[in-house]
Amino acid sequence: MATTPYRVIGTRPVRHDGADKVTGKAVYTADFKLPGLQAGFVLRSPHPHAKIVSIDTSAAEATAGVSAVVTGADFPNVQDKIAQLGEGSVNLAHLSANCMAKDKVLYKGHAVAAVSATNAHIAEEAAAKIVVEYEMLPSVTDIMEAMADDAPLLHADLFTDDLGQKADTASNVAVHMHFEKGDVAAGFEQADVVVEAEFKTATVHQGYIEPHAIVADYNEDGRVRLWTATQGSFTCRQQTAEILQIGVGDVLVTPCEIGGGFGGKIAVYLEPTAAILSKKAGRPVSILMTRTDVFEATGPTPASFMRVKVGAKNDGTLIAGEAWIAYDAGAFPGGVIGPGCMCVFSCYDIEHAVVDGYDVCVNKPHTKAYRAPGATQVAFAMEQLMDELAEQLDICPLEIRMKNAVKEGSRRVDGPVYPQIGYVECLEALRDSDHWNSPLTGDNRGRGIAGGFWFGCGLKSSAACSVNSDGTINLLEGSTDIGGSRASLAMQLAETLGIESSDINPMVGDTDSVGYTDVTGGSRVTFATGLAAYEAGRDLQSQMKVRAAELWECETNDVSIADDGTFSGNGKTAGFKDLATQLFSSGEALVGRATVAPECPTNGFAAHIVDVEVDPDTGKVTILRYTAIQDAGTAIHPSYVEGQMQGGAVQGIGWALNEEYFFNDDDQMTNASFLDYRMPTMLDVPMIDTIIVETGNADHPYGVRGVGEPPIIPPPPAIGNAIYNATQTRMRELPMSPPKVWQAMQSSD
Amino acid sequence: MTTATKKIHVTTTVNGESVEFLCEPRNSLLEVLRDTLGLTGCKEGCNNGNCGACTVIVNKLPVNSCLVFGVEAEGAEIETVEGIADANELHPIQDCFLEGAALQCGICTPGFLVSAKALLEKKPGASEETIRFDLSGNLCRCTGYDKIVRAIQEADKQMSAATVDSTTND
């Protein structure tokens with residue numbers, strides 16, 4: 001093992017919030033109480049598409065114990081306005097209508113009214129007394145049916161934005177986007193081999209174990225105080241303020257501990273409703289969403305329909321690619337089609353390529369980001385086509401990937417040229433891995449590989465570090481901590497200052513106390529907020545240089561800071577804590593601060609290997625062995641990097657093999673429970689081996705890339721390739737559940 | 001349907017202490033623990049027994065507290081995540097979860113700790129397959145389970161070693 005230049009980075013300390021989380025003391029939103037707290041319940045539409053003719057809330061209001069009832073009529077009218085949420089954008093009018101329907105319900109589970117009462121049972125019983133008269137409308141949940149000219153229209157005022165031009169007639173297609181490089185027709189003419197296929201993937205949910213939760217207090221001074229489970233307290237503040245039509249300064253968001261998000265806890269659902277209930281009730285209101293409502297009304301990430309075509313020369317060089325991709329946006333425009341288009345060819349250098357993408361409204365919940373949003377669907381298509389090309393050209397699947405892997409200087413179809421990246425290094429690590437070099441034997445068994453790419457983003461982050469009298473530090477930062485980021489940020493600051501991770505108390509601030517910070521998403525926290533923590537440390541050090549010069553009676557320029565954080569000047573030296581203690585007793589307190597907004601993507605790549613066994617009688621696929629490889633740039637806390645890789649891989653396995661929304665003939669979801677949706681349990685998966693590749697990142701002082709998202713991308717195509725290797729049956733539809741695999745095996749016999 | 005339901009008096013033992021509470025017949029043990037007794041370590045993830053985040057031990061058996069009525073606690077011995085640590089000392093299972101980074105968001109962690117404690121007390125030396133089978137009722141969406149299984153295996157080792165030590169000392 002090479003020697004590391006770091007003292008703290010690369011070690012595996014116990015996380016700062018650890019003891020609270022293993023003793024039950026950590027306060028999640030549903031654990032937070034206020035005096036007089038009311039419990040809320042949201043009434044939701046049983047129909048996928050209907051006009052609201054009338055709502056009679058009188059019986060609910062008359063129920064003993066009920067403190068408030070709200071409907072869409074209590075929500076201010078919000079004008080069309082696009083708000084950036086950090087990972088994607090949203091039209092605030094749609095966001096408001098999604099929180100509470102006004103005139104129309106657009107999916108089963110769409111909120112139509114809400115009740116607060118002394119307890120949740122009373123609220124639920126009272127909500128059942130609300131009479132909503134609906135006028136049923138025809139509905140559509142299938143993407144291709146929704147794109148047809150005669151499809152039922154979700155929005156009469158939705159006109160396709162076709163490459164910047166608005167269409168004349170209303171449609172369910174919100175956007176058509178197009179990316180192109182080179183001359184695709186000429187490219188395919190040069191191809192010796194062309195593969196082309198259609199692929200479909202099902203709607204899947206992020207599946208966080210904590211349901212959405214909120215405590216809202218509309219204070220007498222007009223301020224709305226929210227305690228909530230959010231991936232971004234500042235975006236939550238903005239969305240809530242816009243929907244309530246009050247200033248952002250009139251909303252205080254305190255992020256509680258958050259029980260998973262994966263992209264699904266960025267948009268608000270309950271916050272405005274709870275705030276309006278609280279205003280009407282004159283008391284604080286909490287709402288804990290039911291699991292059924294979580295499935296039916298939040299989150300899911302798009303189903304897709306894709307037609308992808310790739311051409312290669314006889315030596316395996318990819319020469320042309322063409323992709324037609326439609327993702328469902330759910331009930332409102334604004335799915336994740338953009339990154340889908342940008343990711344379909346993002347792992348390979350293809351001279352000529354064209355991508356057309358469509359964002360399509362259907363009568364399902366509004367789709368949201370889910371870990372590398374949009375990338376997993378297209379990888380399912382492209383990474384299987386890579387294997388099909390390899391087979392036709394009689395080249396090893398790894399070799400064709402190595403030959404065409406993007407590297408520094410490669411241009412993506414959507415324009416950007418990659419800086420230094422680590423896909424080749426990931427593939428080399430795969431080639432050298434024990435897994436790849438261990439023969440797989442046995443009937444009905446197969447091995448597959450696949451790669452994956454996710455941009456990673458910078459955005460805005462803020463941090464402040466205040467020095468205690470003993471030289472320990474309180475680190476205040478704005479990124480809600482979903483998976484151990486307090487540790488990864490504290491470790492970077494400790495590295496910067498030359499102290500231990502345990503010398504730092506990291507704390508996630510509320511929106512009144514910490515500088516603006518964008519969402520915990522885009523694999524950005526350890527990268528961008530880590531950069532803020534580093535810069536705050538540097539700011540502190542420069543202040544301390546000035547003060548040390550005064551103390552040591554020399555010029556500021558005479559004071560130097562060694563790599564280990566030791567200050568020296570005028571023949572004197574002091575470690576950070578020693579100097580900080582001296583300075584604390586000799587003048588004003590020290591606070592370092594920084595806010596950053598790196599614009600660069602961090603470009604994360606992954607490559608996975610999987611061995612499967614397919615039961616020929618049932619089509620059930622068992623994962624025998626799994627190895628996830630990923631370029632982390634630099635792994636700050638390797639255990640949590642591995643954890644991201646393992647967790648992402650198992651989410652990808654669930655997406656590949658089991659998870660999907662089932663709809664009945666009336667377009668109602670029929671499996672809205674954990675039992676019926678069936679995410680992977682402990683018994684469904686083996687250990688997930690990990691290999692961390694560290695190629696650094698010039699845009700970060702410690703070379704961090706961010707690791708959260710790439711590991712969900714390769715599993716579906718890697719498993720698809722393994723199933724093919726085992727059975728000679730090519731799966732073109734997710735999930736690859738037993739009935740589908742069994743059926744496909746019968747037809748390919 | 002009536003909202004004014006007569007409350008019932010229940011006497012039970014929670015984490016070794018005798019406890020009395022009043023609850024409506026419809027209140028689940030999960031509601032009682034969280035809302036009446038303030039033991040918010042057990043979490044509501046689904047409220048229908050699918051996720052295991054609310055797992056507590058009732059009379060030595062791990063149960064989903066959302067599927068047990070509060071009134072069923074009468075005379076029972078209940079252990080929750082709040083009772084796992086001994087005074088200020090973490091239980092080996094808790095230590096191993098922290099050392100092994102076996103949690104990310106932490107919402108499922110109390111349920112896993114309680115289930116794992118029940119498992120290891122009943123089946124020390126459990127195989128990986130037994131651990132995975134017995135804890136398949138606890139869902140985790142963050143970790144992929146790898147580090148949870150390893151943490152439980154490590155805790156099992158430490159607990160067995162401690163048992164051997166104390167036996168030797170006797």
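Helices here are DSSP runs of type H or I with at least four residues, and strands are E runs of at least two. With that in hand, let's start. This is a predicted model.

First stop: A101(A). Where does this residue lie? A101(A) sits in the loop between α3 (92–99) and β6 (104–105) of chain A. Is A101(A) buried or exposed? The cut-off for buried is 20 or more other C-beta atoms within 10 Å. A101(A) has 25 C-beta neighbours inside 10 Å, so it counts as buried.

Who are its contacts? Leaving out residues up to four places away in sequence, A101(A) touches S45(A), I52(A), G72(A), H110(A), A111(A) and V112(A). Now look at T71(A). It is 30 residues from A101(A) along the chain, yet their C-alpha atoms are separated by 7.8 Å.

Second stop: strand β22 of chain A, residues 473–477. Four of its five residues are buried, so β22(A) is largely enclosed by the rest of the structure.

Which strands pair with it? Take β21(A), residues 461–467, to begin with. That pairing is antiparallel, over five bridges. Within it, A463(A) has E477(A) as its bridge partner. β21(A) and β22(A) form a hairpin, with five residues between them. In the turn, G471(A) has a positive phi of about 85°.

Then there is β23(A), residues 504–508. It runs parallel to β22(A), and five bridges join the two. Here N474(A) stands opposite N505(A).

One more element: helix α14 of chain A, residues 485–497. Together, β22(A), α14(A) and β23(A) make a right-handed β-α-β unit.

Technical notes:
Residues numbered from 1 in each chain as written. Chains lettered and ligands numbered in written order. Predicted model: local features only at pLDDT ≥ 70, side-chain atom pairs only at ≥ 80, totals over all residues. Buried ≥ 20, exposed ≤ 12 C-beta atoms within 10 Å, placed from the backbone. Pairing = 2+ DSSP bridges. Right-handed = clockwise from strand over helix to strand, strands pointing away. Contact = placed C-beta atoms within 7 Å.
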